[in-house]
Amino acid sequence: MRALPRRAPDLLVWALLIAMPWWMPAIGGYTELASRVVVMGLAALALNFLLGYTGVLSFGHAAYFGLGAYGAAMTLKYLAPSTGLAIVVGVVAGTAAALLIGALIVKLRGVYFAMVTIAFGQVFYFVTFRWNSVTGGDDGLTGWSRQPLRLGPLALDIQHGERTFYYFALALFALAAAGMAALLRSPFGRTLLAIRENERRARFLGIPVERHLWFSFVISCLFTSLAGALFALLNNFTDPRALRWDLSGNFVIMAVLGGMRSFWGPLVGAGVFVLLQDFISTRTQNWMSLVGAIFVLVVLFFPRGVLGVVRRRTTA
Amino acid sequence: MTSLLAVDNVTQRFGRLVAVNGVSMLVEPGELHAVIGPNGAGKTTFFNLVSGLFPPTSGRIYFDGQDITALAAHQRVALGIARTFQVTEIFPELTVNENVRIAVEATCGHHLRLFLPRRLEAEVRERTRELLDTAGLAGKSDRLVGELSHGDQRATEIVMSLALEPRLLLLDEPTAGMSDQETYAIAQLIRRLHRERRLTIVLIEHDMRVIFHLADRITVMAEGALLAQGSPDEIGRDESVQAAYLGSPR
């Protein structure tokens, strides 16, 4: 009975995403900017899988984003001219690191967890920053570009067609979003909500909390590294800023700005963040101070984020 | 006959504080055993030791003959030990139905599943509905638990523990902070679980009416140590208990 109104927000989001290459120029943007919204949106959704739905704050997600980016970039530069392989390597690199680091840190809670995620993130940052001969160091990794996709007889020129690349990124975004939504609707996802709501109660229902936190962390990092790989492909470039801790902070800002208790909130937050960044940074170097001011206002007056407000209006 | 729960000379130190000092206790199957004592007597710490929140400094704990001293909390749950807390521990921003359903799914080992086949889905729903009926919560199943009255939140927590199909239920001050009416409703619920389901229950309680109404046996603790054990009649007559707890007669 309530199926129609409940599906309505989803339909609206997908319609806006599919039409973005058309409406983006109308508000002064361009196709690459649309791709950046989708890629950052994916990273923010992935972070929010952990933050909003498991209740764990990570300040080190840029590490997995950056591993995805470098995995993809180095595959194309050193290994093989295959976009598909590049993405797979990027995701595997990020996920493998998350499996290892996650296992070490799931016993920590709250600010300690956040601090340790920063620390591990900075390890990866300094490795890429220092290891000039392989990673290109501070100058970033150049001298490669994404390659056209060949799926059997079908060839997609995502190399030169910006719009084609946008839809390629959107397709992967859709797969990832559908995957995360399905996970959250499952008994496993409900258990994550239970841990977010009350860890002690979850434990005394016989749920092995640490193992679930570990899985949630790894799933979140897997999709974050997918976003990172796409980000490198989008720019045909990556540099150590892709794994620096301030990017981790940006992901958190996006999630909180848009509303971390709603599935699409972080995407909205990422959209607002990326557009503001692009529009204001052409006029002033200090664009971050404006984003910061908006962030403070949102947290003070709309603690549930942009979508939290919209939702309250529509249900009230 | 072996006791369901046997606690053997258990001690818990926190630094220099001895919270529980050499306490032993036997709980027989089907018994409703009350643990009483003044504030700071170590009752809740004792519960934490039995339920596995932390291991004791010394002493051993046996459940149905098996040494469980070294087992983690979730492993003890799997053996059949469920508990509630002094401060109600529930999932406030989820509905009553979701709260109980999560407990049912956890019990059936579904908590790692990514989807439920139709048969299991029907089973989980049916079991959830049954449990909600037990505590008279069926009419409130779509409300957020955080919005319910204190008494209904307690009832939800007890029902979630029941979902685990426990062989031993530990209730830590289930009527704390409740109105008389709510206290009566919870006491009736506990009595039904004990009488009708033959559930073995250990209960920490301050309300003497509840204790003498429900308990088969009583353990009295004071300053971390065991003071007395016996039937409600024996405890009511015991002079050391009266002196330490009920107040000395003038």
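Q: How many bridges join strand β1 of chain B to β2(B), and do they run parallel or antiparallel?
A: This is a predicted model, to start with. Seven bridges join β1(B), residues 5-14, to β2(B). The two strands run antiparallel.

Q: Which residue in β2(B) stands opposite B:Gln12?
A: B:Val20 stands opposite B:Gln12.

Q: And what is the bridge partner of B:Ala6 in β2(B)?
A: That is B:Leu26.

Q: How many residues sit between the strands in the hairpin of β1(B) and β2(B)?
A: Two. B:Gly15 in this hairpin takes a positive phi, near 65 degrees.

Q: What is the order of the strands in the open sheet of chain B?
A: The order is β2-β1-β4-β5, four strands in an open sheet. The pairing is antiparallel.

Q: Which strands stand at the edges?
A: β2(B), residues 17-27, and β5(B), residues 66-67. Each has a single partner strand, so one side of each is left without a neighbour in the sheet.

Q: Which strands does helix α1 of chain B lie across?
A: Helix α1(B), residues 43-51, lies across β1, β2 and β4 of chain B. The helix runs at about 60 degrees to β2(B).

Q: Switching to chain A. At what angle do the axes of α3(A) and α13(A) cross?
A: Roughly 140 degrees, and the axes come within 8 Å. α3(A) covers residues 31-51 and α13(A) covers residues 265-281. The two helices are therefore oblique to each other.

Q: Is that crossing of α3(A) and α13(A) left-handed or right-handed?
A: The crossing is right-handed.

Q: Which residues meet there, in α3(A) and α13(A)?
A: On α3(A), they include A:Leu33, A:Val37, A:Met40, A:Gly41 and A:Ala44. On α13(A), they include A:Leu267, A:Gly269, A:Ala270, A:Gly271 and A:Val274. The residues of this contact divide into ten nonpolar, four polar and two charged.

Q: Now the two chains. How many residues of chain B are in contact with chain A?
A: 27 residues of chain B are in contact with 18 residues of chain A.

Q: Which helix of chain B gives the most to that side?
A: α3(B), with six residues. α2(B), residues 73-79, and α3(B), residues 96-107, each supply at least two residues of the side that touches chain A.

Q: How does that side of chain B divide by class?
A: The side of chain B that touches chain A has 16 nonpolar, five polar and six charged residues.

Terms used: Residues are numbered from 1 along each chain as its sequence is written. Chains are lettered from A and ligands numbered from 1 in the order in which they are written. This is a predicted model: local features need pLDDT of at least 70, side-chain atom pairs count only at pLDDT 80 or more; totals for chains, interfaces and linings use all residues. Two residues are in contact if their C-beta atoms, placed from the backbone, lie within 7 Å. Ala, Val, Leu, Ile, Met, Phe, Trp, Tyr, Cys and Pro count as nonpolar, Asp, Glu, Lys and Arg as charged, and the others, Gly among them, as polar. Axes are lines fitted to C-alpha atoms, for helices over the stretch in contact, and angles run from 0 to 180 degrees between N-to-C directions. Angles under 35 degrees count as roughly parallel, over 145 as roughly antiparallel, 65 to 115 as roughly perpendicular and the rest as oblique. A crossing is left-handed if the near helix is turned anticlockwise from the far one by less than a right angle, and right-handed if clockwise. Two strands pair if DSSP finds at least two bridges between them.
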